[in-house]
Every structure is written in C-alpha cells, then in structure tokens.
Amino acid sequence: MTAIPSAEACSSGVSAEQALINQWYSSHAGNYDALMNGRHELRHARETLMGLLDIREGYKVVEVSVGTGKNFPHYKKARAEVVGVDITSNMLDVAMRKARKLDLAGVVLMEGDGRRLPFRESSFDVGVLTYALSAIPDNLQALSETARVVRPGGRIGILDFYHSSKNVEGGVAGIGLLALVHQSGLQVVHNKSFINPRETRMPGRQGIYVLEVR
Ligand SMILES: C[S@@+](CC[C@H](N)C(=O)[O-])C[C@H]1O[C@@H](n2cnc3c(N)ncnc32)[C@H](O)[C@@H]1O
C-alpha cells in the first residue's frame, strides 16, 4: 500500500468553486463514512454497481475521487490492483487507514485532480467514479480523463445522483447525469435507475451507468 503526496494539483490554479469543495471535504472527512453508511439507498446502489462492473483478479482499476475508500471491500474481494486519486488529503488519510485495516495490499493512493490524471493512455482496465462526478467542477473533463486512461474495451462505472444542486453538500454537477453520459460519447453497457418516489431529495434519485471505452 502506497500513499503519494500532492504533486502540484492542489496548490496552483484552484478555482473558488474547487476551493470550497476541498474545504467541505477536508472538514467532513472524519464523519463522511457515517453519513454514507446511514443511507440504505446509497449502500444498495454501490453494491449494485460493483456487481455490474465485475472486476476480476489482476484487473488494474483507477478510482477517481476515491474519497475515504468506500469501495475498498469490493476491490479486496476481487483481488484487483487499485490506484485511488482524490484532491482532499484528509479523505485520503481515512482511505489509507481503511486500506491498512482491510489489509488491502494492491492499493496506491494519490493526491491529485481527477480532471488531470497523471497516467498514460490505456493504463487501466476499469475506471470507477462513485458520487464523484457530482463533486467535481467540470465533471465532463473528469469523465473524459478517466476514459483516456482506461484501455479500449475497458469499462467505466459511474454511480451518482441524477441532478445535484449547486452547493457543496449537494455537489456541483451543474448538468444532469444523463446529459453528462450522453456528452461523453461513451457506449452505455448497463444503465440502472434508483428512484424512490417517496424520497424526492438526492439519495432517492440515483443512477448507475457502466460505459465501455472504444
Ligand atoms: C462524495 S465524495 C465521493 C467519495 C467516494 N468516491 C465514494 O464513493 O464515497 C466526493 C469526493 O470527490 C473529491 N473531489 C472533489 N473534487 C475533486 C477533483 N477535482 N479531483 C479529485 N477529487 C475530487 C472530494 O475530495 C471527495 O473525496
């Protein structure tokens, strides 16, 4: 398990919007897992995406905006090699502790910006973005970057809210998830909706997309 500190991603040219996001996740890193664990809809959707992605032993996975490493148990089960990137060091600290606790050997954590990934084209078999696109300003750029570093025939798994409001807690998706996937031009392999009509706020309206890179 390796942690790679920030190169330059977090220090220079950070927009006001991104600075606000960094601040929010920095101060909520300690209770992020408790917030997520409390919602059955979120847990169920995450498990469904991981099932659909079908990550196999030896696969190289890049998780953009890895946060506190909520998907780590799935990677452990699959015996995948994982590189997790996130812009917030406090979130990565929690992820590092989780990786140690799970004895997750094949994981590298890096501080960096999902819109500028420091990897060559086609470096990975799978890209994962769970609740990431709603948190990254210019999320189409982050999705395009993920597609760039995943090999042709590889897959990208997305789980997110359909629409998020323009605030930090709600994310900054700006455009809806559907439009974002459409604009990416990537091939949709699986698409699943989780709409709870009794829950009109964010957790009740989520979508999963598994996309293929061509
Ligand atoms: C809602 S959390 C999702 C964490 C994790 N993917 C999960 O499934 O629980 C959003 C994450 O996006 C990260 N983030 C925000 N902007 C980013 C950027 N430009 N590049 C990389 N990560 C970013 C935040 O630091 C935070 O950890």
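**Overall make-up and confidence**

I began with the secondary structure and found seven helices and eight strands in the chain. I then looked up burial, and buried residues make up 42% of the 214 residues. For the contacts with a separation of 6 or more, I noted that 74% are between residues 24 or more positions apart.

The mean pLDDT of the chain is 88, and 86% of its residues reach 70 or more. I marked two stretches where pLDDT stays under 50: residues 7–11, for which the model has 10 contacts beyond four places in sequence, and residues 166–174, for which it has 21 such contacts. Where pLDDT is low, the predicted coordinates should not be read in detail, and I leave both stretches at that.

**Around the ligand**

Which residues come nearest to the ligand? Of the 21 residues around the ligand, I listed Ser65, Gly67, Thr88, Gly114 and Thr130 as the nearest. Sorting the shell by residue type, I got 11 nonpolar, six polar and four charged residues. I also asked which elements supply the shell, and α1 (16–28) and β3 (81–86) each give at least two residues, with the largest share, three residues, coming from α1.

**Strands β6, β7 and β8**

I followed the pairing of β8 (residues 205–212) on to two other strands, β6 and β7. Strand β6 (residues 150–161) runs antiparallel to β8 and is joined to it by seven bridges, and within β6 I found Ile156 standing opposite Leu211 of β8. Strand β7 (residues 187–195) also pairs with β8 in the antiparallel sense, over eight bridges, and here the bridge partner of Phe194 is Gln206 in β8.

In strand β7 I also looked at Ile195. Is Ile195 buried or exposed? I counted 12 other C-beta atoms within 10 Å of Ile195, and the residue is therefore exposed, given that 12 or fewer is the cut-off. The C-alpha atom of Ile195 is separated by 10.0 Å from that of Phe161, although the two residues are 34 apart along the chain.

In soluble globular proteins, nonpolar side chains tend to be buried together. The largest nonpolar core here has 56 residues, and those with the most contacts inside it are Ile55, Val61, Val126, Leu133, Ile156 and Ile158. I took Ile55 as an example: leaving aside its neighbours within four places in sequence, Ile55 is in contact with Val61, Tyr75, Ala78, Ala80 and Val126.

For helix α6 (residues 139–149), I recorded Asn139, Ala142, Leu143, Glu145, Thr146, Ala147 and Val149 as buried. What covers these buried residues includes β2 (60–64), β5 (124–130), β6 and α7 (177–184).

**Two positive phi angles**

Most residues other than glycine have a negative phi, and I looked up two cases that go the other way. Asp54, which is not a glycine, has a positive phi of about 50° and lies in the loop between α3 (40–53) and β2. Asp54 is exposed because its count of other C-beta atoms within 10 Å is 12. Ser122 has a positive phi near 55° and lies in the loop between β4 (107–111) and β5.

Key: Residues numbered from 1 in each chain as written. Predicted model: local features only at pLDDT ≥ 70, side-chain atom pairs only at ≥ 80, totals over all residues. Helix = DSSP H or I, 4+ residues; strand = E, 2+ residues; numbered from the N terminus. Buried ≥ 20, exposed ≤ 12 C-beta atoms within 10 Å, placed from the backbone. Contact = placed C-beta atoms within 7 Å. Near = placed C-beta within 6 Å. Nonpolar A, V, L, I, M, F, W, Y, C, P; charged D, E, K, R; others polar. pLDDT = per-residue confidence, 0-100. Pairing = 2+ DSSP bridges. Core = buried A, V, L, I, M, F, W, Y, C linked by C-beta atoms within 7 Å.
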